[in-house]
Amino acid sequence: MGFPWRPSRVPLVAGPVGDVRLHGTLGFVGSDLAALRPVLAVAEGQRVAAGSRLLSDRRRPWIVLVAPVAGEVVRLEPGPRRGISALEIRAGGDEALEFDTAAAGSREGLVALMVQSGLWTALRARPFGRVPNPATTPDALFVTATEARRGAPDAAAVIAEYEPWFRPGLAALTALTPGRTWLCHRRGHPPPQVPGVTPRGFPDGPGGLPGAHVHALHPVAYGGSVWQIGWQDVIALGCLLETGRIWRHRIVALSGSGVLRPELLAVPPGARLHDIAAGRLIAGSTRLVAGGAEDGLPVPFLRRDIRQVTALRHRLREPGRGWLRQFAHAARPALIPNALDERLAPPGIAPVPFLRALAAGDVETARKLGALGLIEEDLALLNARFGRQGTDYTALLRQTLDDLEAEA
């Protein structure tokens, strides 16, 4: 089974950043709000300012969702188990909430500011991959300024453009841990020097994932804990500290076989994929996914943690050949060790035994093989190779981590 991936070469998108004009709504769907017991702060038809609270989690009040833009709440659809199925805002207006940043020089003040502004949810803790409890302290903090997928934004180029915000955001984050703050950057592209921050170069491709950095510098598969945050959220924190307002944009790369040309665009989190790509696609049938070509999600809105939109041309099936393909391909690809899978696997993981343990529900074996050092994004490339026939290994990893967390 072929796999269109070249670990040694990962073209990234750079260049000037364009703006996207929204013509419809932006929003969040139930999968973006999974595992929340929401406490709503708005009602349908209510106007909101950028940065104002939309909802928080009943059990974990440090998880807060804020409006990325000013506008009107036009859809608020209840979901199962008292959740939210969909929340949409029609953008319009310039109202923005002003945050008090005076106390952000202390850890307590910084935590309070990040929680109020919704930025605390940008952090992920390992093990288990949860938004961390502010009452806990990590052994180390990892800032990821690398990319694992071709067609993603060139972090070094964008950071250079937003350096006046990146520097103060990065400096502030050092207050969250008494240990090291690692800035993991693209090898050969050193970042701005910030006191208290240790830079380390890594290759793009699979080596650009946070899991690879954690494994190399502070592994937690068998003890300890670390937090991670992405480079664009560092820019967002710097914007908040410098202006008192949230950063209303994220920089997204639009690329793929269906675009006229790859480019960088400034869009608000939650923007509709079709609004992002409008007027930028080639003629013919295309489909849009949030993420890379290998593992992108066919969702209507852009999640805040996804930094690229990929447009793919539809391939027309040859007449009368569909039955032959079904006959020629097994229902599930065989898990046979090979060199490609070793390159796509997270460091320190034997891919075939690990995937077999996940598929069998063997939680103890998965733990012994290093499951606690991983989160879903670390398995995305392997899942794209082996999970196309119905087995979602990222979902199996999440179930395994939930089981291990319940035992802890």
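Beyond its neighbours within four places in sequence, Leu 176 is in contact with Arg 107, Leu 110, Val 111, Met 114, Trp 120, Leu 123, Thr 137, Pro 138 and Trp 227. Please keep in mind that this is a predicted model.

**Nonpolar cores**
- The largest nonpolar core has 66 residues, and the members that touch the most others are Leu 54, Met 114, Trp 120, Leu 173 and Leu 176.
- Helix H5 gives this core its largest share, eight residues.
- Another core lies apart from it and holds 21 residues, including Ile 349, Val 363, Phe 386 and Leu 404.

**Helices H3 and H5**
- Helix H3 spans residues 163–173 and helix H5 spans residues 231–243; their axes come within 7 Å and cross at roughly 95°.
- Because angles of 65 to 115 degrees count as roughly perpendicular, H3 is described as roughly perpendicular to H5.
- On the H3 side, the residues that meet H5 are Pro 164, Trp 165, Phe 166, Pro 168, Gly 169, Leu 170, Ala 172 and Leu 173.
- H5 brings Trp 231, Val 234, Ile 235, Leu 237, Gly 238, Cys 239, Leu 241, Glu 242 and Thr 243 to this contact.
- The residues of the H3 contact with H5 comprise 13 nonpolar, three polar and one charged.

**Arg 149**
- You will find Arg 149 in the loop between strand S10 (140–145) and helix H2 (155–161).
- Arg 149 counts as buried because its relative accessibility is 14%, and buried means under 20%.
- Its side chain makes a polar contact with the side chain of Asp 295, at 2.8 Å.

Conventions
Residues numbered from 1 in each chain as written. Predicted model: local features only at pLDDT ≥ 70, side-chain atom pairs only at ≥ 80, totals over all residues. Heavy atoms only, no water. Axes fitted to C-alpha atoms, helices over the stretch in contact; angles between N-to-C directions. Helix = DSSP H or I, 4+ residues; strand = E, 2+ residues; numbered from the N terminus. Parallel < 35°, antiparallel > 145°, perpendicular 65-115°, else oblique. Contact = heavy atoms within 4.5 Å. Nonpolar A, V, L, I, M, F, W, Y, C, P; charged D, E, K, R; others polar. Core = buried A, V, L, I, M, F, W, Y, C linked by side-chain atoms within 4.5 Å. Buried < 20%, exposed > 50% of the residue type's maximum accessible area, 1.4 Å probe, protein only. Polar contact = N/O pair within 3.5 Å; in protein donor to acceptor, adjacent residues only side chain to side chain.
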